[in-house]
Amino acid sequence: MTDTPIAIEVDCSTGIATERPLTADEIAARDAAAAQAEADAKAKAEADAAQAAQLAATNAKLMALGLTQADIDALLKAAKA
Amino acid sequence: MANPTLFQLATTTVGSGGASSVTFSSIPATYTDLVVKASIRTDSASNLTGLITLNGSSSSFSFRQLEGNGASVASYNGTTNATNTENGTGTTASTFSSFEFYFPNYTSANNKSFSIDSVTENNATTAYADLTANLWSNTAAITSIALAPGSTANFAQYSTFYLYGIKNS
């Protein structure tokens, strides 16, 4: 990859594809979008972790009630069916 | 009922230098729907979430997404112009994500809803399948569609992008 970001634009009225370096404004917008994407990815990872933690906690509660893992798996399978 | 017909409007393949974005501009208003099919890989070490811009706008977007990754499923929602998960360099070499963007009634005077259906490819346990319902709260006809890899990454060489118009008459 080159150091200078390249944008490709395809003009549908002509079919001509043009490659050009990004402008300073576009680079700034790109950096801002990158920061947003990083925040989105972090939120996504946190949501995944929270879901996994809730699942593990629920599993532990069921096992504390005397259910085996096989029992819990059977319940989950039935619930999904 | 009329038979819908698919017309190829434009294509591009990313060259050896990579590309930070791909834009389809001057999209004619003579079709009923638009479809973008893309084969995407980025030069990022991690799998990134892509970004979409319509008519140069990256605001007034919202989405709801369902995702499976080979081990679990999840749903997400947000108010950004994010798209779906793309193959990064951590995935099997020379593999690409498959994307389809569908824009129904892209010239209507209503807000524009569109969907994104994609999968990453990876010879490993983890690969992502995403299905996203998106809304661009803007009543303008769509005349340009720009896709970017997200972060400061580039689309990798041989990533391909195809724009089709669908006519119902």
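Analyst: Chain A contains 2 helices and 2 strands, where helices (H or I, at least four residues) and strands (E, at least two) are DSSP runs, numbered from the N terminus. This is a predicted model, in which local features need pLDDT of at least 70 and side-chain atom pairs count only at pLDDT 80 or more, while totals for chains, interfaces and linings use all residues. Residues are numbered from 1 along each chain as its sequence is written, and chains are lettered from A and ligands numbered from 1 in the order in which they are written.

User: Which pattern does chain A follow along the sequence?

Analyst: The chain has 2 helices and 2 strands. Read along the sequence, these elements give the pattern β-β-α-α.

User: Is chain A compact or spread out?

Analyst: The radius of gyration is taken over C-alpha atoms, and the globule rule is 2.2 Å times the number of residues to the power 0.38. For the 81 residues of chain A the rule gives 12 Å, but the radius of gyration is 25 Å, well over that value. The C-alpha atoms fill a box of roughly 70 × 25 × 20 Å along the principal axes. Chain A is therefore more spread out than a compact globule.

User: What share of the residues in chain A is buried?

Analyst: A residue is buried if 20 or more other C-beta atoms lie within 10 Å of its own, exposed if 12 or fewer, and partly exposed in between, with C-beta atoms placed from the backbone. Among the 81 residues of chain A, the buried share is 7%.

User: How does chain B compare with the globule rule, and what is its radius of gyration?

Analyst: Chain B has 0 helices and 12 strands. For its 169 residues the globule rule gives 15 Å, and the radius of gyration is close to this, so chain B is as compact as a globular protein of that length. Buried residues make up 42% of the chain. The radius of gyration of chain B is 16 Å.

User: Which residues form the covered face of strand S8 of chain B?

Analyst: In a regular strand the side chains alternate between the two faces of the sheet. The strand S8(B), residues 97–104, has an uncovered face of Ser98(B), Glu100(B), Tyr102(B) and Pro104(B). Its covered face consists of Ser97(B), Phe99(B), Phe101(B) and Phe103(B).

User: Which residue of S9(B) stands opposite Phe101(B)?

Analyst: S8(B) is joined to strand S9 (residues 112–119) of chain B by 5 bridges, and the two run antiparallel. Within S9(B), the bridge partner of Tyr102(B) is Ser115(B). The residue opposite Phe101(B) is Ile116(B).

User: Is Thr139(B) buried or exposed?

Analyst: Thr139(B) is placed in the loop between strand S10 (129–136) and strand S11 (145–148) of chain B. It is 31 residues from Ser108(B) in sequence, with the two C-alpha atoms 7.1 Å apart in space. Because Thr139(B) has 10 other C-beta atoms within 10 Å, it is exposed.

User: Which element gives the most to the side of chain A that touches chain B?

Analyst: Two residues are in contact if their C-beta atoms, placed from the backbone, lie within 7 Å. The contact takes 27 residues from chain A and 31 residues from chain B. Strand S1 (6–11) and helix H1 (24–64) of chain A each supply at least two residues of the side of chain A. The element that gives the most, with 13 residues, is H1(A).

User: Which residue of S2(B) stands opposite Asp11(A)?

Analyst: S1(A) and strand S2 (residues 21–25) of chain B run parallel and are joined by 5 bridges. Opposite Asp11(A) stands Ser25(B).

Methods
Pairing = 2+ DSSP bridges.
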